[in-house]
Amino acid sequence: MLLQLLDRPRLPFFALAATVFGLLGFGLYLQHYEGLSPCPMCIMQRYAFTLIGLVALVAGAHGSRGSGRKFWALLIGVIAIAGLGVAARQSWIQRFPPEVPECGPGLDYLLESFPLTELLPMIFQGEGECTAIDWSLFGLSIANWSFVCLAGVIIFALCI
């Protein structure tokens, strides 16, 4: 049954896109409704998930088989490896926090110190503390879950 589903050229990519956009939606829920501010590393992981979702949508729309399908899977895998590296680093610094935080200044400081033209690009870098664990599920932080999910994307890319 699973092999029959994977034989369809569009379905796995659309399923991946839906999953990734669901994860991004949950991250936005945590940010806007639970009040958790994303840190710069969280933002980079969001970029990776967004790129994976967009590439998966294009791959699903393309519906290629054979080498075309492998190309899309390779591109998704490379993006996932980059995001996995960021998630691994954040998980590491959450477990072993450095004496000096590596994430940069908070939003309040940026608002007081920079004009709006310089501030807008900085806002997209995130404002939370990378070492803080504000939310967890089954003992895993958001960075840990991001690592697990990106590892799953890599496995998807290897199996497609």
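## How two helices pack

Helix axes here are lines fitted to C-alpha atoms over the stretch in contact, and angles run from 0 to 180 degrees between N-to-C directions. Helices themselves are DSSP runs (H or I, at least four residues), numbered from the N terminus. This is a predicted model, so to speak: local features need pLDDT of at least 70, side-chain atom pairs count only at pLDDT 80 or more, and totals for chains, interfaces and linings use all residues. Residues are numbered from 1 along each chain as its sequence is written, and side-chain values use heavy atoms, with hydrogens and water left out.

On to the pair: the axes of α2 and α4 sit 12 Å apart, at an angle of about 20°. That makes α2 roughly parallel to α4 (angles under 35 degrees count as such).

## Who touches whom

From α2, the residues P12, F13 and L16 meet R69, W72, A73 and I76 of α4 (contact means heavy atoms within 4.5 Å). Sort the contact residues by class and you get six nonpolar, no polar and one charged. Nonpolar covers Ala, Val, Leu, Ile, Met, Phe, Trp, Tyr, Cys and Pro; charged is Asp, Glu, Lys and Arg; the others, Gly among them, are polar.

## The largest pocket

The largest pocket has 28 lining residues, with G27, L30, I142, A143 and S146 nearest its centre. A pocket is an open set of points on a 1 Å grid over the protein atoms alone, where a 1.4 Å probe fits, with protein on both sides within 12 Å along at least five of seven lines; lining residues have an atom within 4 Å of a point.

α2 gives the largest share of that lining, six residues. By class, the lining has 17 nonpolar, eight polar and three charged residues.

Definitions and conventions:
Helix = DSSP H or I, 4+ residues; strand = E, 2+ residues; numbered from the N terminus. Parallel < 35°, antiparallel > 145°, perpendicular 65-115°, else oblique.
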